[in-house]
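Q: I am new to this structure and would like to learn how to read it. Could we go through it together, feature by feature?

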Amino acid sequence: MKLAQFRLSIKLFLFIGGIVFLLCTPIYAYATPALTEKTTLTDAGESGNWGIPTLSGDINGDGFQDMVVGDNSRTVDGHWGSGSVYIFYGGETNNNVADVRIYGDISEAQFPGYSFAAGMKVADVNLDGCDDIIASPLTDTVTGDRSTVYVFYGASDLPDTIQANEADLIFDFNGIAIYTLSNFIGNFNGDSLPDIAIITTNSYSGISETYVYLQTNNGFSTTQADYSFSAPTNTQFGIFSSFSGDVNGDSITDLLVGDHYSSSGHGVYLFTGRQSGFIETPTSRFIPQNTTDTFTREHSPSSGDIDQDGMDDICIGAITYSGVSTNRGRVYCWYGREDFETEYNAGDADIRIDGQASNDNFGRVTHLYDVTNDGRADLLVGAYQNSMPNGSRHGKLFIYKNSNGDFEATPWLSKIKTSGNALFGTYVRGTDWDADGWADVVVTEPAVAPSKVYIYEITHGTPTVTLDTVDSATTDTTITGTASNTTEGFTVNGVEWSTDNEMDGTWGACSSDDGTFDESSEDFSCDISSLEDSSGRTTYVRSHDQDELYIPPQLYGTTGEYALDRVSPTSGLKLNINSEDDKKEPGKLDINVNDREMKLYFSISDQTTDIDKVMISEHQDFRGASWKDYDGDISFKLSSKDGKKHLYIKFKDEAGNETDTYVQLVKLDTVKPNLVLEKVWENTSFFLYEPEKYSTYWTHDQTPSFEGTSEERSEVKMYVDGVKASEFDDIEKDGKWVIADYEFSYGTHEIEFKGEDRAGNDSDPIKFTLAIQEYLPTYTQQPTQEVRGVSSQVTVEKLETKQETPTQENIIEAVTEPKKKNTLNTILKWFGVEM
């Protein structure tokens, strides 16, 4: 596979036994960090302050960053130095043609702002999704030397040209101030609405004033500031770059204002925001190491979260710092913190970085921006006078890579202008103009006509990350795949994983399958065992090359959503057979079935994923069984022999985790119970039930008792005239049952007894006719022997109608206990027999 852009061969001569062997050993040279020029924005032949500053923001709301280029020395319609602002819309491809031009129309006004001050900012002021531009001329010489500040709202349909006095908002300081020094946009009172702060003065050496305009739901009052405060005495407050950020992590914007008062050695004042507005006296002051260091001049300050603690950190340049050599320059950085001391000396700064050579003026401009896509702010520094000892101020750009909240001492990347008095690096900035995820670096070169704004892209290969398929539910804590970079000179030098696709998220290292990331294609594995089990997970994987340049988020490998589940289903199983109701834990059910084919109903759940499969067997080792899809129930067929059977049951969730084996005893009984009716009791006597002889019986007792036998634990039900009248549940081991709690009405009733065992088998029914007689029967003809006490041919009438003496053939053969002799004597008397 290809490893390098260049391959050299070293020829080695080996002398062995008088023979010369020529060996060629390849040495691979890897690509180093570099910039690729994408576009150059020029000023149509003029020179001066073109590109000071050059900012970026999405002005037309199309999702691409647009370049906003200032040129305060531009001559417009004969007005020398009136200045202009140019907007170059971003896109997948870009060009050198401005899409919108905002004109200043006042000579010498220096719109937008004094060359080295902070006269222009870009942010979404009205929260409409389009970034807006706040810009101001240094002064308005036509209307009487007064300060004016303009806000131009972004939109998808801006006209090609806009006059400054056509701004959407105009803050006019007529009679109040002559010069505008700095503008700010931020949430200064914690209400989530962007506010505006403006620093003005009546003279460069005079005391400046800061005016704060708080936005409400109704917008701004441009004629009356909500509050203002004066600069400290003996300061040139705001005359050079000032900036803002949330340095104490309270979500309220803080102001950092530069002071260029030379006798005090310059400095930066921190005014912390609060819900009621700024603290009107400085919270803290940052002072230079030496009074001659030109601390915070030009565009040297910048803010960003270097150490990823949620608080903005600040970097400030001191362009004439000469501690190592004359005017070499130095950049100082301080970490944000919840509470600030009243003063910080630059010599004690958290980070200090020196320029490379004398007269570099290193630190004239700084910008914190993540160039390497690792989620950490890198430091861009301009040294616009680099090479001055050689007779020409070529200028140079430096990029210092963020290494765990600090900057490496040696630049990660540098680029020098090799000819001309160009002042390359007068202004630098990071952005992504074409939204391809790779950082673009903006570098101005104002001193050689035509002045230029170079747009570079960080040179990168063609990296890809391909992940192997991850099941929608899995127990596997390893993500595998392949990372490649097929461009010559580039290798895969590392792979990382995260549950967040943000560059500044928490990322864990993956491992190369061959032990080392050093080739153009690497198979890798990522151990995600530290994650908690959860559904709806997504894992992202990114790679970086040999220069620690990471791929952008749109190239991350992604698993898609999956469930990580390493725990077997633990929610207690409940089941029942042939019924969805009254489910109980296995072993706590007494289950009897009368059919080999049955349906089992379950209630079981899993903490993370769903139950996916179930397996049932009568064998403890589940031999011959297979997993079946689970949807809450399953059909199963028992082996053929009646008797007790053990059902072994286990489940598997979507991730493949199996439960322990559950056991349920089932009794198969396919034989119907033997139901026997033996006696019918009337008062204290009884008669036998003899179905082979008799089908009809009579008695005078309205509450006769019925006695018989059947299968243990079965039940007997009695039906009278087709309606269930009574029952006997759960016959004991002796098999006896008695039904004696039903009161019959007089007359003839069809009686039926039914038995049902625990398995649901029905017995053969017992059916007969029972006549409950209020009087003795009358016969219309000779009864047959099929009648037990009353012939089926007997018409029953009341005694007052007719009474006949019964014959012996149709008399109930009453069976009595020995002590019941009186009843027998009474019957015999009917036949004239005396006892």
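Q: Is Phe-173 buried or exposed?
A: We call a residue buried under 20% relative accessible area, exposed over 50%, and partly exposed in between, using a 1.4 Å probe and protein chains only. Phe-173 has a relative accessible area of 1%, so Phe-173 is buried.

Q: What should I know about the model before going on?
A: This is a predicted model, where local features need pLDDT of at least 70, side-chain atom pairs count only at pLDDT 80 or more, and totals for chains, interfaces and linings use all residues. Residues are numbered from 1 along each chain as its sequence is written, and side-chain values use heavy atoms, with hydrogens and water left out.

Q: What is the average pLDDT of the protein chain?
A: pLDDT is the predictor's confidence in each residue, from 0 to 100. The protein chain averages 84, and 82% of the residues score at least 70.

Q: How many helices and strands does the protein chain have?
A: Helices (H or I, at least four residues) and strands (E, at least two) are DSSP runs, numbered from the N terminus. Here there are one helix and 61 strands. The chain has 835 residues, of which 52% count as buried.

Q: Which residues have the most contacts inside the largest nonpolar core?
A: A nonpolar core is a set of buried Ala, Val, Leu, Ile, Met, Phe, Trp, Tyr and Cys residues joined through side-chain atoms within 4.5 Å. The largest one has 59 residues, and Ile-102, Ile-133, Ile-399, Ile-458, Val-495, Phe-524 and Val-541 have the most contacts inside it. Another core, apart from that one, has 22 residues, including Leu-573 and Tyr-630.

Q: How many aromatic pairs are found in the whole structure?
A: A pair of aromatic rings is described by the distance of the centres and the angle of the planes. Rings of Phe, Tyr and Trp (its six-membered ring) pair if their centres lie within 6.5 Å; planes under 30 degrees apart count as stacked, over 60 as edge-to-face and the rest as tilted. The search finds 36 pairs. In one of them, Phe-173 and Tyr-211 are tilted, with 5.2 Å centre to centre and 50° between the planes. Phe-173 is in the loop between strand 12 (169-172) and strand 13 (179-186), while Tyr-211 belongs to strand 15 (residues 209-213), 38 residues apart. Tyr-211 is buried too, with a relative accessible area of 14%.

Q: What kind of pair do Phe-651 and Tyr-662 form?
A: Their pair is edge-to-face, with 6.3 Å centre to centre and 70° between the planes. Phe-651 is in strand 50 (residues 643-653) and Tyr-662 in strand 51 (residues 662-668). Phe-651 has 0% relative accessibility, so Phe-651 counts as buried.

Q: Which residue lies over the face of Trp-507?
A: A charge sits over a ring if NZ of Lys or CZ of Arg is within 6 Å of the ring centre and within 35 degrees of the ring normal. At Trp-507 the residue is Arg-542, 4.0 Å from the ring centre. Likewise, the charged end of Lys-121 sits over the ring of Phe-184, 5.3 Å from its centre.

Q: Where is Pro-569, and which residues does Pro-569 touch?
A: Contact means heavy atoms within 4.5 Å. Pro-569 is in the loop between strand 43 (562-564) and strand 44 (574-577). Not counting residues up to four places away in sequence, Pro-569 touches Ser-605, Asp-606, Ile-611, Asp-653, Asn-657 and Thr-659.
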